[in-house]
Amino acid sequence: MSVSLDPPLATVRQSAVTARTVFTAGLVVVLALVPVYALATGETFGVALFTRTVILAIGAVSLNLIMGYGGMVSFGHAAYLGIGGYAVGILAKEGIGSGFVQWPAAVAASALYALVVGALSLRTRGVYFIMITLAFAQMIYYVAIGLDRYGGDDGLTIYKRSDFAGLIDLNNKIVFYYLCFAILLASIFVIARQVNSRFGLALRGTRSNERRMRAIGFPTFRYKLVAFVISGALCGLAGALLANHTSFISPAIMHWTRSGDLIVMVVLGGLGSLFGPVIGAVIFLLLQEGLSRVTEYPDLILGPILLLVAIYVHGGIGGLLEGRRRG
Amino acid sequence: MLYFLEQCLNGIQLGMLLFLLAAGLTLVFGIMDLVNLAHGSLYMLGAYFAATFATLTGSFTLALILAVAASLIAGMVLEVIAIRPLYGRDHLDQVLGTFGLILLFNELVRLVWGPEGRTLSLPPQMLTAVQILPGVHYPIYRLMIILATLAVAGFLYALVMRTRLGMLVRAGASNREMVGALGINIKLLYTLVFGLGAALAGFAGVMQAPILTVQIGMGENILILAFVVIIIGGIGSIRGAFVAAIIVGLIDTIGRSFLPDVLHLVLSNNAAQTLGPSLSSMSIYMLMAAILVFRPEGLFPAASR
């Protein structure tokens, strides 16, 4: 079954002031002010939590590019987090600490992997596509477990964060947070430009009706592949950030449930909207964190929430804010 | 050679287990067009039910029967409450909803049974090994799993191919709307099929419980293997699931036991010991990717798809 949730093929940018716009703007302001609040109150745990949230939001944004705009449901996106993370970890272990090498390597490795996986997977569609992306991610997962030199199943501690020759100090939590935040905003900006360009329109047209797009002369396979590679590269960058954030990388980051988390974030926030994945990531991770503070059994509440959103809400939380409902 | 034979039997035993999971998954997928990530949770529930009933009754056989019955009921209740609204919806919604169910079930089990794992012990007469060929001894329990699953497979075959219910199931797989239009109670049929799948998953959980530890999240990795099986076999095809399950079981087990030795020829012992199992796990996914690339509908595509 093909994915068909079509906002009209108009410009994605929203002009009218809706509850959703207000909410999104408020969210961006809150995210921008997190370190200020932390500095004022001295509570630094929040910064770590929000850094993680912002990094995973980048991953969700990258997934949304192919899933929301291209109709390609990748159930293996956590693999890119792992590849980006392992690129940083392995280079650090081998004595190459420069971020100018590590980060491009993370992006390049993810892009290359996405190119191979995309070239093979895009021959299938629907559920088969979901499953083949999952299969490739599982392969990478087991490759990481088999990396004896780099910790195997136990993972690899990264003793030094990426070094940017004194330009940016990643050891400073506030600086690191703002770097992640800036990358998030930049990636949303780039994707906003992309989806409204000729390339993006062709991609969205392909999601709506691939046969018709082919009939009018678009090489749809190539468009989808390019989007797939961009998405993978961006998520690989998020992986490099995540490895720097936790100073640790292990196969667990690529477990299929992590890919599920990313899908949940995108669907929760609203598929195919620019800030939807950010909303989804923030709500999902904060809910997880908040619930685990008030109850010993957080998933007892989180699980049914996800189920209810899947059943009753069309277009995720973003759709809820716009008053779209189904039931 | 004898060791190889034993490993083949182990592979078939794993394959049988995968078949039990995959059969339910492929029916639900093929007939209701539902991606059910929570299928592994029913497997986990079956194992926990069995551990509890075994403690209560002191009998493995009774525990097995009660646990399968409990899984059947749990599955039907789950279908009516949570699954029914997800039919006919986008696959993404189904992934989101059933992913939520995984979280819920893991937490429920932690709440009811606690975070520690359980073990399920076998009656003493099951612990021995039998001589299946001159010089080849094989644990009787693993043999029992193979035979029991073959019996279940036979029962399923008879049910699907020879009964009225099976006829409806097959008709539902090829054209849902038409079956509904002919006045069949589709809702009831779906609940029954889902319950049947849950009972099979629970049965698999019970059978596996004495071999592994019963623990939270035990269904998650095997669920993915079961998905691999139904994709390789062709969605909706029980026969395909049976063949693919045995292939996957054999590849996984044989790779796991022989790849380290093969790799040891070129690598250090340590590296071979880590790389071997991971390579054999990978080989299953490589097989699936290859099959999807060359035969995108699986080995035994169901007729109408």
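At what angle do helix H10 (residues 238-264) of chain B and H11(B) pack, and how far apart are their axes?

Modeller: The model is a predicted one. In it, H10(B), which covers residues 238-264, packs with H11(B) at an angle of about 150°, and the two axes are 8 Å apart. Since angles over 145 degrees count as roughly antiparallel, H10(B) and H11(B) are therefore roughly antiparallel to each other. Their crossing is right-handed.

The contact itself can be described from both sides. H10(B) contributes Val248(B), Ile251(B), Asp252(B), Gly255(B), Arg256(B), Leu259(B), Pro260(B), Leu263(B) and His264(B). Among the residues they meet in H11(B) are Asn269(B), Ala272(B), Gln273(B), Leu275(B), Gly276(B) and Pro277(B). Further along H11(B), the contact also includes Leu279(B), Ser280(B), Ser281(B), Ser283(B), Ile284(B) and Leu287(B). The spacing along each helix can be read against a general rule: an α-helix has 3.6 residues a turn, so residues three or four places apart point the same way.

The axes of H2(A), residues 45-69, and H6(A), residues 173-195, come within 9 Å and cross at roughly 15°. That angle makes H2(A) roughly parallel to H6(A), whereas H10(B) and H11(B) are roughly antiparallel. The crossing of H2(A) and H6(A) is left-handed, while that of H10(B) and H11(B) is right-handed. In H2(A), the residues that meet H6(A) include Phe50(A), Val54(A), Ile58(A), Val61(A) and Leu65(A). Their partners in H6(A) include Phe176(A), Tyr177(A), Phe181(A), Leu184(A) and Ile188(A). The residues of the contact of H2(A) with H6(A) divide into 19 nonpolar, two polar and one charged.

Finally, chains A and B also touch each other: 41 residues from chain A and 43 residues from chain B take part. On the side of chain A, H5(A) gives the most, with 14 residues.

Terms used:
Residues are numbered from 1 along each chain as its sequence is written. Chains are lettered from A and ligands numbered from 1 in the order in which they are written. This is a predicted model: local features need pLDDT of at least 70, side-chain atom pairs count only at pLDDT 80 or more; totals for chains, interfaces and linings use all residues. Axes are lines fitted to C-alpha atoms, for helices over the stretch in contact, and angles run from 0 to 180 degrees between N-to-C directions. Helices (H or I, at least four residues) and strands (E, at least two) are DSSP runs, numbered from the N terminus. Angles under 35 degrees count as roughly parallel, over 145 as roughly antiparallel, 65 to 115 as roughly perpendicular and the rest as oblique. A crossing is left-handed if the near helix is turned anticlockwise from the far one by less than a right angle, and right-handed if clockwise. Two residues are in contact if their C-beta atoms, placed from the backbone, lie within 7 Å. Ala, Val, Leu, Ile, Met, Phe, Trp, Tyr, Cys and Pro count as nonpolar, Asp, Glu, Lys and Arg as charged, and the others, Gly among them, as polar.
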